[in-house]
Amino acid sequence: MVELLYAQQWLKGQGEGLFNNLTLSLLFLFFFSVLFWRKFNGVSSTKLNLPPSPPKLPLIGHLHKFHPFFHRTCRDLSNKYGSIMLLQLGQAPFLVVSSPDTAKKVMMTQDTEFADRPPTSAAKVMMRGYTNVSFAPYGDYWRQGKKLFGDGLLNPQRVQSFRHVREEEAALMMEKIFRYCSLQTPIEDLSDLFRAFISKTSLRCVVTYTSQDSHKLADMYHDVMTIMGTFSFEDYFPSFGYWIDVLTGFRWKLKSKCQENDIYWEQVIDEHISRSTHNGDKKDLLDLLLQKEYNLTRANIKAMLTDLFLGADDAATTLKWAFAELINSPNAMKKVQEEVRRVVGIKSKVHEEDIHQMEYLKCVLKETLRLHPAGPTLVPRYNSKGAIVNGYDIPPNTTVLVNVWAIMRDPKVWENAEEFIPERFTNNMDIKSPDHTFVPFGTGKRSCPGISFGLAVLEIFLANLLFHFDWKLPGDLKELDMTEWQGFALQMKAPLRIIPTPHSD
Ligand code: HEM
């Protein structure tokens with residue numbers, strides 16, 4: 001029972017407001033678990049050479065060990081049980097990989113064996129039966145989707161073609177901040193502006209024209225990220241968890257977010273179709289997705305659009321961390337501002353060609369992604385068939401978490417691993433290091449296709465923020481609170497409350 005109380009504490013942290021009926025739910029959980037205990041633990045695993053695993057409890061397996069932050073608990077357990085470790089979370093087996101060598105096997109060498117994604121209740125609903133790219137089962141549909149994303153939006157040539165959109169939106173965000181300066185009060189949360197303007201930039205790249213409100217989109221996706229990261233009983237207790245999710249209100253919340261999302265995209269698509277019959281706008285990604293030859297239904301298209309805006313939210317999250325790290329590291333802030341201002345010189349704003357000369361700015365972003373990867377255990381992988389890794393048997397239908405957060409903070413690999421030191425990247429390390437010690441976007445078949453797009457957005461926004469303004473914390477505050485908050489992405493919990501002053505030189 002003590003263990004259930006631990007679990008209760010943990011679950012409470014996962015989704016505020018969703019667990020009013022938690023006690024009732026846990027009673028159900030206990031009742032059903034007793035019923036299913038024999039069935040799910042009766043399977044003999046004695047013949048298999050399974051990876052090491054901590055002692056587990058009946059019914060809930062290792063669930064009780066989980067502090068709100070998966071990646072931190074996994075790192076602590078891996079320090080004790082090894083860099084490849086099998087956990088049982090409720091009824092679901094999880095493989096946790098925490099060393100560069102084993103990560104390379106799972107993501108590259110044995111890529112095809114682990115190229116699926118696990119079924120999760122949130123992705124099933126939000127992604128209309130896994131018909132987006134990031135949760136699509138490995139196969140032809142996923143391949144076609146990833147290619148369409150590349151051709152229409154994400155390949156380097158397309159990313160380059162959207163340069164004017166990024167520059168315009170960055171300039172608009174600066175205008176907005178200039179207006180705050182005259183008020184002489186702190187901006188309550190600068191990261192709200194990051195999300196709004198990055199979403200708007202992405203929306204303008206995906207669909208050349210829409211009258212829909214992009215600020216609404218930013219808020220909507222922030223909520224989607226939250227609900228995608230909320231604990232679902234069904235994911236851990238597939239045989240009965242659905243009904244507990246109904247009781248807790250999770251299913252209702254999921255459906256209503258999905259409907260809101262649906263209505264938004266329906267309007268964008270309808271408007272796009274009626275407009276493109278009347279004028280000759282340049283073809284955009286939405287045109288491509290609507291082409292008959294690809295056989296995509298409206299539901300498929302909406303799922304794919306959802307994918308892209310989760311990526312935009314990741315970029316906004318990364319910008320917030322980068323900015324916060326700079327505020328807390330005055331030396332790094334001074335150095336990067338000097339670089340940006342030297343390169344831009346007497347021009348009135350940052351242009352993208354300037355960025356090529358901003359080596360330290362790029363180091364700042366890499367160091368941010370090392371310490372605060374948006375996906376600390378990546379998007380989970382899944383093996384539909386049994387596999388062997390490092391001589392261990394991995395049972396079929398295991399969810400695989402590659403703990404890149406732990407790998408990128410491993411003191412055996414990184415000197416002063418917990419400190420923000422952008423200089424460590426002056427060796428021009430690639431954004432995917434071949435030895436797998438630095439892999440914030442994953443590697444292999446399921447790696448992030450949005451790297452060029454995401455980095456281009458981050459660089460121009462950050463450079464502008466550093467060029468135009470000096471920044472200080474309100475009152476006597478010396479440092480920002482860097483406490484994490486885990487939704488679908490790893491976020492910074494505290495708002496970015498800060499005072500801008502226009503830089504005049
Ligand atoms: C700083 C920004 C971003 C970060 C840190 C990030 C990170 C990631 C990570 C860790 C994964 C999982 C990789 C794996 O499982 O190996 C991923 C997948 C993905 N990302 Fe990104 N991402 C970012 C921006 C974007 C953007 C801007 C887009 C699109 C507009 C995007 C689209 C995707 C898609 C579609 C997938 C799924 C790929 C697949 O399953 O094949 N991401 N991203």
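Predicted model: local features only at pLDDT ≥ 70, side-chain atom pairs only at ≥ 80, totals over all residues.
Helices here are DSSP runs of H or I with at least four residues, numbered from the N terminus. By that numbering, N416 sits in the loop between α19 (404–407) and α20.

The mean pLDDT of the protein chain is 90, and 90% of its residues reach 70 or more. Residues 1–24 fall below 50, yet this stretch has 36 contacts in the model beyond near neighbours in sequence. Residues 31–45 also stay under 50 in pLDDT, and for them the model has 15 contacts beyond four places in sequence. The scores for the model are ipTM 0.99 and pTM 0.91.

Helix α15 covers residues 298–328. Its 31 residues should span 45 Å at 1.5 Å a residue, and the end C-alpha atoms of α15 are 46 Å apart, which agrees with that expectation. The helix is mostly covered, with 27 of its 31 residues buried.

Helix α16, residues 330–344, packs against α15 at an angle of about 110°, and the two axes are 5 Å apart. Angles of 65 to 115 degrees count as roughly perpendicular, and α15 and α16 are therefore roughly perpendicular to each other. On the α15 side the contact is made by L326, I327 and N328, and on the α16 side by P330, A332, M333 and V336.

Helix α18 runs over residues 359–371; its 13 residues should span 18 Å at 1.5 Å a residue, and its end C-alpha atoms are 19 Å apart, which agrees. Of these 13 residues, 11 are buried, so α18 is largely enclosed by the rest of the structure. The buried set includes Y360, L361, C363, V364 and L365, and also K366, E367 and R370.

Helix α20, residues 451–468, contains L465. With a relative accessible area of 0%, L465 is buried. Leaving aside residues up to four places away in sequence, L465 touches M173, M174, I177, F194, F323 and W471. L465 and A171 are 294 residues apart in sequence, but their C-alpha atoms are 9.8 Å apart in space.

Most residues other than glycine have a negative phi. R128 is not a glycine, yet it has a positive phi of about 40°. R128 lies in the loop between α5 (121–126) and α6 (140–154). Is R128 buried or exposed? The cut-off for buried is under 20% relative accessible area, and R128, at 15%, therefore counts as buried.

N416, in the loop between α19 and α20, has a positive phi near 45° and is likewise a residue other than glycine. The relative accessible area of N416 is 44%, which makes this residue partly exposed.

Conventions. Residues numbered from 1 in each chain as written. Heavy atoms only, no water. Axes fitted to C-alpha atoms, helices over the stretch in contact; angles between N-to-C directions. Helix = DSSP H or I, 4+ residues; strand = E, 2+ residues; numbered from the N terminus. Parallel < 35°, antiparallel > 145°, perpendicular 65-115°, else oblique. Contact = heavy atoms within 4.5 Å. pLDDT = per-residue confidence, 0-100. Expected span 1.5 Å × (residues − 1). Buried < 20%, exposed > 50% of the residue type's maximum accessible area, 1.4 Å probe, protein only.
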